[in-house]
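Have a look at the structure first, then read on.

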Amino acid sequence: MMSSLRGVVERLSRQRGVRASLIVSENDGLVVDSSLRFGEDGERVAALAASIYRKARLSADAAHLGAVSFLQLDADLGRLCAVGRDDLVLVVVAESSANVGLIRVELFKALETIA
């Protein structure tokens, strides 16, 4: 299982514009595995992403919108994309110019790999 997780984060990190890819525990925000560029703070990103994803999932549920399938946070200096299943959240931190459509496809492929 751990080698398949390593492969997942490495494949996600090879996408153009990706600065970090992580597999995070949604409940506690801890890093399960990651691939980070120099200078990225994996633990901080993991905690933030887990919190945002959990709140989005709970909010969608409270609004009777169903499950959150894909979460995207755009900011001035980049974007955070996430998908989740069970207690795991796959997170990509990318440059603003990165192709979100391609990242989304790769995140869903990765989610199936770890399912």
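**Notes on an aromatic pair and a serine**

1. Phenylalanine 108 comes out partly exposed, at 28% relative accessible area (buried is under 20%, exposed over 50%, partly exposed in between; 1.4 Å probe, protein chains only). Phenylalanine 70, by contrast, is buried at 14%.

2. Before going further: this is a predicted model, where local features need pLDDT of at least 70, side-chain atom pairs count only at pLDDT 80 or more, and totals for chains, interfaces and linings use all residues. Residues are numbered from 1 along each chain as its sequence is written, and side-chain values use heavy atoms, with hydrogens and water left out.

3. The structure has 1 aromatic pair. Phenylalanine 70 and phenylalanine 108 make it, tilted, with 6.4 Å centre to centre and 45° between the planes (ring centres of Phe, Tyr or the six-membered ring of Trp within 6.5 Å; planes under 30 degrees apart are stacked, over 60 edge-to-face, the rest tilted).

4. What does the pair tie together? Parts 38 residues apart in sequence, because phenylalanine 70 sits in the loop between helix H2 (42-62) and strand S3 (71-75), and phenylalanine 108 in helix H3 (residues 100-114). Helices (H or I, at least four residues) and strands (E, at least two) are DSSP runs, numbered from the N terminus.

5. Serine 13 belongs to helix H1 (residues 2-13) and is partly exposed at 21%. Its side chain makes polar contacts with the side chains of serine 21 (2.7 Å) and serine 35 (3.0 Å) (N or O atoms within 3.5 Å; within protein, one able to donate a hydrogen and the other to accept it, and residues adjacent in sequence count only if both atoms are side-chain atoms).
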